[in-house]
Each structure stands twice: as C-alpha cells, then as structure tokens.
Amino acid sequence: MTSAVPRTSFEVRSPDGAIRRTGTVSDGATVTEIDSPEPGVLGYEISTADLTAGPVRIRWTWPVDSAVTLWRATQGSRRELPTDWGSHRDIRSVRSAPVASFVGVDDLSPLTLSLSSDVRGCDFAVGVNEESAEQLVQLAVDDVEPVDGIYRFTLRIDLRGLHFADALRDVTDQWTAELGERIAPVPELARQAMYSTWYSDHQHVSAESVEHHARASAQYGCKAVIVDDGWQTEDTARGYAHCGDWEPTSTTFPDMAEHVRRVHDLGLDYVLWIAPPLIGEHSKAWDRFKDRTLGYVDGLSASVLDPRYPEVREHIVECCVRPVRDWGVDGLKIDFIDSWAWESAPPAPDGDCETVDEGVELIMAAITAELRQLRPSLLIEFRQDYVNPRLWQFGTFLRAGDCPMDAVENRVRTVDSRLLAGDRAVHSDMLMWHPTASAEAVAQQFIAVLFSTPQVSVELAGLPEEHDRVVRYWLGLMKDHADTLLRGVLTPSRPDARYTQVTASGDSTTVVAAFANPVVRLSAATPVNLLVNGGHAPGLLVEGAGSGPVQLVVSDCSGAEVARSTTTPPAGLWAVDVPVGGVARIARV
C-alpha cells in the first residue's frame, strides 16, 4: 500500500525519527512512499513513462559512523569503504545485483539498500562523501522491465541495524516474492558434489578423458560431470576464436550421443560448457553474424553477438538446445554472459528488442523453456558475477568465480554468493591442489567451501592414500550435513576481514568453521555442534558450553578420531585441542 501523493523528493528517516535526510529523483520520475509493516524499513515506489531521455536518478546522503566496510554483490577481495567518486558499479541483468550493505565490526548493518528485481540495468554508487562525512547514495536506473508501458520499481532502505546477513536475507526474500513462480526450480542434484574437467584437463579434454574422470569421481560420490571448454575445438591455445558453431570435434568427441550415454551408464549426469555470447572469426557462423555483434574483445579473440537481433537469438537458442535434444546432456554451464554487459552498445537495430538486457532475457527464457520440456530436472550453471536476481528465472546453481587453489578466496566467494543466492544452489570454484600437498592443505580446500556444494577438478584416479582419505572424509561430511550446511541459517562474521568465522545453524546441528578467529561461541539451543579448525594453528577456544556434561569427539583432517571423552566444560573459555583441518563434535548429554 502506498501513500496518496507521488512526489519528486522523499524523506529518509531513522527509526526513532532523530535523523532525517531528503532524497530526490530526477525530472520526469515520481516517487511514492510505500507503507511499511516494520519500523526501520522504508520503501519507495519510483516510476516514469519514459527511459529514452535518460536514466532515473536517485540521490541522498546518510550518516553511517559505525561502518568499516561496504558489502556489495561484486567486490572481489577489496573490502573497503569506497569513496562516492570511486564506488560506481554498472549493474546489468547478467552482472552484479542492485544491493549494498554497510557493516560494522559487530557485523551489524546500519544501512542496507536495494532495488527491486524489476531493474535490469543501473549505475549503483554508494560511498563516502568527503564534503559532508556522510555516505552519498547515487543511483541511475536506465533499464526496467515495463508493465503496461510504465517503468516502475521500488527502492528499499533498511535502517534496523540487523546482522548484515539477516538484512541481505530480507532483500532476497523480497526478490523471491516479486519473482514468484518465474523462479526456476532447483533440482536436488544441483546441491550434490560434481566433477569438473577444467583444472584437470583444460582444453585437452576428450570423450576418453571425460569417461575416465566420470568413472573415478563416481567412486567418491560425485553425481555429475561438468565438461568444460575444449569439446568444441581442437585449438588448445585458450582463446575463443573457434567459438560460435558449438559442435563437437570429430577427433576427440566422434560420437557425442554415445559418449554421453556411457557417462550416464556410470551413474553420473552430464553438464556441458557453452559460451553463447561469443563468436570467433574461425567459426562457420562468422560470415553470417559478423555484422550483428556488439564488438570485438581482444582478450577473448572473439566478438560478442548482439542479442537484440532475432536471428542472433534463434542461432543461440538452437546451439543451446541441441546438446540436450540431440546428445542427451542433462544441463548446461552457460558462461561469459557478463560479456553482454556491454558499455556504449551500438544503436539498437530495427526489430522487437530495445535493450541488450531485454535481448539476453529473451534468449534465456527461450532456452530454458525448450530445455525444461526435454529435461524437467534441467541443470543450468551460472558463474559469479552472474548474481542478479533476474537470472533466478533461468539458472539452478551458481559457481564461485575462478580462484584456482586459493582457499581463502574460494571461502569469500562462496559465502558472498550464498548471501545473495536466495534458494539457488551455490558451488565452489573447482578444488585443486598439488600432488605433493600435505593432508592439511587438501583439507583446507574443502573447509574453505564447507557452506557450498563442492566441485572437484583433480586427477582422482590414483590419489595418494593420504589424499584419498581426506577427500573421502570431507565429501562424506559435507553430504551427511548438507541440510545444515546448505539450507541452515548462514551467519558469517567480519566481511571486512574476509570472513573470520562462518556458522550454519539447523534444527539439530550447528556447524562453525573458524578461520582467523579461534574463539567459538556455542549455540545453547542446538544439541550438536561441529567445530571445524580452518585456521593455521591447532586448538580452539569455546564459549557457552554450559554447565552440564557433553560428549567431545575430536578428529583430524582425514576423519581419524584422535580424542573422545565425556566431560563438563569449565566456566569461561574452554580450550579444545583440535588439529589444523580437524573437527570437534560437541554433543550435549
């Protein structure tokens, strides 16, 4: 429900009314305050009849003295408080998402702001204003899904001071309610471990190597194999000049349908990588589409197809449908879609599509509609930073961006993705390690991504016995506690320090991974607590263990039990000797 009078300005006020600031929207747009059922959450409906003359601009300032970092949908390893002149983010349907959350050292958010899922494109800038010592918010919305010829969206401002994860959860709840039945169903398989060929094979992939990896990974409980780049080209120079036809090479994949059938016989589903925006000059389709591109990308050795052309969309849809229809694959890893987030796109061609983002969504809608007729349990992988809620209509799982062998970055990226994924399954970047790595180093790769679905990309056949025990233990633990790890309430700490601790709480079990903070507070309401030592030194310090007896079982990084006792924890801090990469199970008795 909204108030009666639309205006070109609006008031932002603290829950107690002590702080008030006036915000503005640009000429041609109106803003109407939405009645909020919860004090401290402000909502505004903003509308315009025309976006061709320029974006809708929104501006206000707000004092945020307690914040040490600004959490954003795409931020990489930098966790700073940005300046207003250095904070601009070009957000599109295929890149990032319109949300930001200030966070203090206590993990509370004094201000979380977001735009509704109607928005397909905007410039999103939030940063320190040097002149006022306040945070300046500047939003410029240039692409909105229209309804009855009107471009309408909402601005949500949360000033309740919640834990930042709770504030972000409420944002995704709003997006979920807005999208409703348009959200793609997530099959259970999307939350189970998978094998990827990328780091193990790169472009040197073949039917023989895929079947080899499928056979080995099935023995470790993997439920699907993701065949990455290389199946469509004999060129292994890591470029994309041969992309665009999306046909298997005759030398390495001579009979794709029969090959997929053999993988199915091993008990695994088959997911195939494809990069539909790209077309290379060595493809057969180049001459047909070379004049229907957004431009050439030197780093990719390919051009980016312009999705505003109907014939381009038809070509891409056919290329994506063919693997499922003709070869029997179970899903697609659709990659490089952020290359459609093209700055300064050429003028729109005559036709049925005004913006690039609209064309992209038409492609995705057509692909998924056809494929779900063929495979109701269709798997579609997107990669970080394809995290916009508009993509929830199409994708079923989201993989952390590439960070080979970097356990810390994999931790940060999977947690970031979980915080904004709604009900989408979140996968780790593919796990890899050196053949001579210590058992603890291998375990740390799994611990880093404990709150996501693991993808593995090492040679599993013939693993050293020490590595074999570690891999089996952690894949088993992640499977056994999937309900808590993947569906429990996720509460990470200190995003400014790249998450020093992460907790997932379920009905009967709480799992805490301690990375840079060894002091763990137990949940008094949970019968079982699993404490994982993801740090570099042995030992954890436990608070809140209570006055009654508990059973303590400690295991090392490979799951071997090293201690077991029934004890009454001391008052205050309780030192528990947990090896690096190990787990302490504390159960109330």
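Student: How far apart are the mean positions of the positive and negative charges of the protein?

Tutor: The mean positions of the 52 positive and 84 negative charges are 3 Å apart. Lys and Arg count as positive, Asp and Glu as negative, while His and the chain ends are left out. The place of each charge is NZ of Lys, CZ of Arg, CG of Asp or CD of Glu. The model is predicted: local features need pLDDT of at least 70 and side-chain atom pairs pLDDT 80 or more, whereas totals for chains, interfaces and linings use all residues. Residues are numbered from 1 along each chain as its sequence is written, and side-chain values use heavy atoms, without hydrogens and water.

Student: How many helices and strands does the secondary structure come to?

Tutor: There are eleven helices and 33 strands.

Student: What percentage of the residues count as buried?

Tutor: Of the 589 residues, 58% are buried. The term means under 20% relative accessible area; exposed means over 50%, and partly exposed is in between (1.4 Å probe, protein chains only).

Student: Why is phenylalanine 10 called buried?

Tutor: Phenylalanine 10 has 5% relative accessibility, so it counts as buried. Tyrosine 44, with a relative accessible area of 1%, is buried too.

Student: What makes phenylalanine 10 and tyrosine 44 an aromatic pair, and why is the pair called tilted?

Tutor: Rings of Phe, Tyr and Trp (its six-membered ring) pair if their centres lie within 6.5 Å; planes under 30 degrees apart are stacked, over 60 edge-to-face, and the rest tilted. Here the centres are 4.7 Å apart and the planes 45 degrees apart, a tilted pair. Phenylalanine 10 lies in strand 1 (residues 9–13) and tyrosine 44 in strand 4 (residues 41–48), so the pair ties together parts that are 34 residues apart in sequence.

Student: Why is the pair of tyrosine 473 and tryptophan 474 called edge-to-face?

Tutor: Their planes are at 70 degrees and their centres 5.1 Å apart, so the pair is edge-to-face. Tryptophan 474 is buried, with a relative accessible area of 0%. The whole structure holds eleven aromatic pairs. Ring pairs also link Trp231, Tyr240, Trp246, Trp273, Trp327 and Phe336 into a cluster.

Student: How do you know that helix 9 is largely enclosed by the rest of the structure?

Tutor: Eight of the ten residues of helix 9 (residues 439–448) are buried, so the helix is largely enclosed. Among the buried ones are Ala439, Val442 and Phe446. Their cover includes helix 8 (407–419), strand 23 (455–456), helix 10 (465–480) and strand 28 (528–533).

Student: Is arginine 120 buried or exposed?

Tutor: Arginine 120 has a relative accessible area of 7%, so it is buried. Arginine 120 sits in strand 10 (residues 119–129). Not counting residues up to four places away in sequence, arginine 120 touches several residues, including Asp143, Glu145, Asp357 and Arg390. Contact means heavy atoms within 4.5 Å.

Student: Why is aspartate 235 called partly exposed?

Tutor: Aspartate 235 has 29% relative accessibility, so it counts as partly exposed. Aspartate 235 is found in the loop between strand 14 (224–227) and helix 4 (256–265). Leaving aside neighbours within four places in sequence, aspartate 235 is in contact with Gln203 and His242.

Student: What makes phi of aspartate 148 worth a remark?

Tutor: Phi of aspartate 148 is near 55 degrees, a positive value in a residue other than glycine. Aspartate 148 has a relative accessible area of 78%, so it is exposed. Serine 344 also has a positive phi, near 55 degrees. At 73% relative accessibility, serine 344 counts as exposed.

Student: Which peptide bond is cis, with omega near 20 degrees?

Tutor: The bond from glutamine 384 to aspartate 385 is cis. Aspartate 385 lies in the loop between strand 20 (379–383) and strand 21 (397–399).

Definitions and conventions. Helices (H or I, at least four residues) and strands (E, at least two) are DSSP runs, numbered from the N terminus.
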